[in-house]
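Here are my notes from a pass through this one. Have the viewer open alongside as you read.

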Amino acid sequence: GEWTVESQVSDTDVAEARLSSAWSPNRDCVIWHWSGADPVTGISSTMSGMLGWDGSKKRVFERGFASNGESFSASHNITVKGWLSRTTGTRLMEGSFKEEKSLRNFEWKSEDELVITSRNRQLDGEEAPDLVAVFRRTK
């Protein structure tokens, strides 16, 4: 589907982006494409990734790669209330890459609205503010 994304770190300005997602041709993973402003730096970029189910581990794994060299990986634990995932990756800030870690909570408000909250964020081992992203389906 097609989604708009509004992300915010603490009480900073809201960053806007778009996300499109679709099943792969054989339906074994979801491929997504994101474009817009980074909620931390405000710099525009693009990112693509995929979500896939690992039946042996009973988890969804996710990988993402950005046009500016950033990347991340996540392991999603699925519960009745939503997804909880440990996420690690890199974020480009002020000309250098920083290691980023967080605990992301995916909460479906409806079939057309998803809120992802990144808590316990760390950038190069230093505490960082929470990040909240609200996804709204447009098609």
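1. Strands here are DSSP runs of E with at least two residues, numbered from the N terminus (helices are H or I runs of at least four). On that basis, serine 75 sits in strand S6. Bear in mind that this is a predicted model: local features need pLDDT of at least 70, side-chain atom pairs count only at pLDDT 80 or more, and totals for chains, interfaces and linings use all residues. Numbering runs from 1 along each chain as its sequence is written, and side-chain values use heavy atoms, with hydrogens and water left out.

2. Staying with serine 75: its relative accessibility is 16%, so it counts as buried (buried is under 20% relative accessible area, exposed over 50%, partly exposed in between; 1.4 Å probe, protein chains only). Its side chain makes a polar contact with the side chain of arginine 59, at 3.2 Å (a pair of N or O atoms within 3.5 Å; within protein, one must be able to donate a hydrogen and the other to accept it, and residues adjacent in sequence count only if both atoms are side-chain atoms). Leaving aside neighbours within four places in sequence, serine 75 also has contacts with Val60, Phe61, Leu84, Ser85 and Arg86 (contact means heavy atoms within 4.5 Å).

3. Beyond four places in sequence, methionine 47 is in contact with Trp32, Trp34, Phe65 and Phe72, among others.

4. Which aromatic pair is stacked at 6.1 Å centre to centre? Tryptophan 32 with phenylalanine 72, with 20° between the planes (ring centres of Phe, Tyr and the six-membered ring of Trp within 6.5 Å; planes under 30 degrees apart are stacked, over 60 edge-to-face, the rest tilted). Tryptophan 32 is in strand S3 and phenylalanine 72 in strand S6 (residues 71–78), so the pair ties together parts 40 residues apart in sequence. Both residues are buried.

5. Two backbone spots to check: glutamate 94 has phi near 50°, a positive value in a non-glycine residue, and so does asparagine 120. Glutamate 94 lies in the loop between strands S7 (83–93) and S8 (96–110), while asparagine 120 is within strand S9.
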